[in-house]
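Work through the exercises below with the sequence and the model at hand. Try each task before reading its solution.

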Amino acid sequence: MKRLQNRVAWVTGSSRGIGRVVAEHLASLGAKVALHGTTPTSTRQLGEADSLDAVANDIATAHGVDVLPVHGDLTDVDTVARNVAEIRDRFGRIDILINNAGGDIGSTGVTGENAGKPIVNDAVNISLTDVETILDRNLRTCILVCREVVPEMMQRNEGWIVTIGSIAGLSGHPREVSYSVAKAAVHEYTRCLAAQLRPHGVYANVIAPGEIITPRFEASRPTREDRKVQTGALTRYGWPQEVARAVEFFVTSDSSYVTGQVLRVDGGMQLFPA
């Protein structure tokens, strides 16, 4: 029997990048999976797949599990409620919630210059539109999704929540400030959630990735070919599967006495206390 047999997992922001790999990894462990993308074809933005349906079909075929694609803007309350209703109609409940939707994408969207990363990106001069977009994309989505999903977990006294944060939210930066602030807020929200959920036996933890190679990562900044290796010195880039294995730790009995924690997956890029 696979480790997550009979579990239902929803991975937000899983049409591409880290989220897609996490979703497929959970499926490989036997979980039924709900995928999510902003639109049915957001997979095309960086050429990762033809559609969200195609990703769902690929994962279902590869791992023999039921996969449901849902889509919509998770900064909208009604859209979140609709997505959750679709998942419950299909699977009955949500056991595992992976809050992966987010990113340092400003108001131009991922198809904009630098794959959406704001050009002016400091603490003072970034446009308010970009600030609001980045905060909403990361923090608001996390809060709205948890408000819709977590009460059900509390009633059952069982559930696992993993928020994908960032090492950017663990130190000061002269650039990517709004993204760093948003991820720091996401980290703290998840800690507070963990404190509230302890009496209910529901887990809430954070994974803070470092530099993880995805198509968008490569499209949004210069990268070095010599760091695109998967073994050897830990000064290399990380890979989405390494984040996915950390997610597995947090949603299985491997972490049966761990909640409210922030786990860096960064090859030791940050070595100071969280």
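**Exercise 1: Cysteines**

The structure holds zero disulfides (a disulfide is a pair of cysteine sulfur atoms within 2.5 Å). This is a predicted model, in which local features need pLDDT of at least 70 and side-chain atom pairs count only at pLDDT 80 or more, while totals for chains, interfaces and linings use all residues. Residues are numbered from 1 along each chain as its sequence is written, and side-chain values use heavy atoms, leaving out hydrogens and water.

Solution. 
1. Recall that a disulfide covalently joins the sulfur atoms of two cysteines.
2. Take Cys 142: its nearest cysteine sulfur, that of Cys 146, is 4.5 Å away.
3. Cys 142 is buried at 3%. Cys 146 is buried at 2%.

**Exercise 2: Two helices**

Task: Describe how helix 1 and helix 2 pack, and which residues meet.

Solution. 
1. Helices are DSSP runs of H or I, at least four residues, and strands are runs of E, at least two, numbered from the N terminus.
2. Axes are lines fitted to C-alpha atoms over the stretch in contact, and angles run from 0 to 180 degrees between N-to-C directions.
3. Classify: the two helices are therefore roughly parallel (under 35 degrees; over 145 is roughly antiparallel, 65 to 115 roughly perpendicular, the rest oblique).
4. List the contacts (heavy atoms within 4.5 Å). Arg 20, Glu 24, Ala 27 and Ser 28 of helix 1 meet Val 55, Asp 58, Ile 59, Ala 62 and His 63 of helix 2.

**Exercise 3: Positive phi**

Task: What are the phi values of Asn 114 and Asn 157, and where do these residues lie?

Solution. 
1. Start from the rule: most residues other than glycine have a negative phi.
2. Asn 114 has a positive phi of about 60°. Asn 114 sits in the loop between strand 4 (96-99) and helix 4 (128-156), and is partly exposed at 32%.
3. Asn 157 has a phi near 55°, also positive. Asn 157 lies in the loop between helix 4 and strand 5 (159-164), and is partly exposed at 45%.

Technical notes: Buried < 20%, exposed > 50% of the residue type's maximum accessible area, 1.4 Å probe, protein only.
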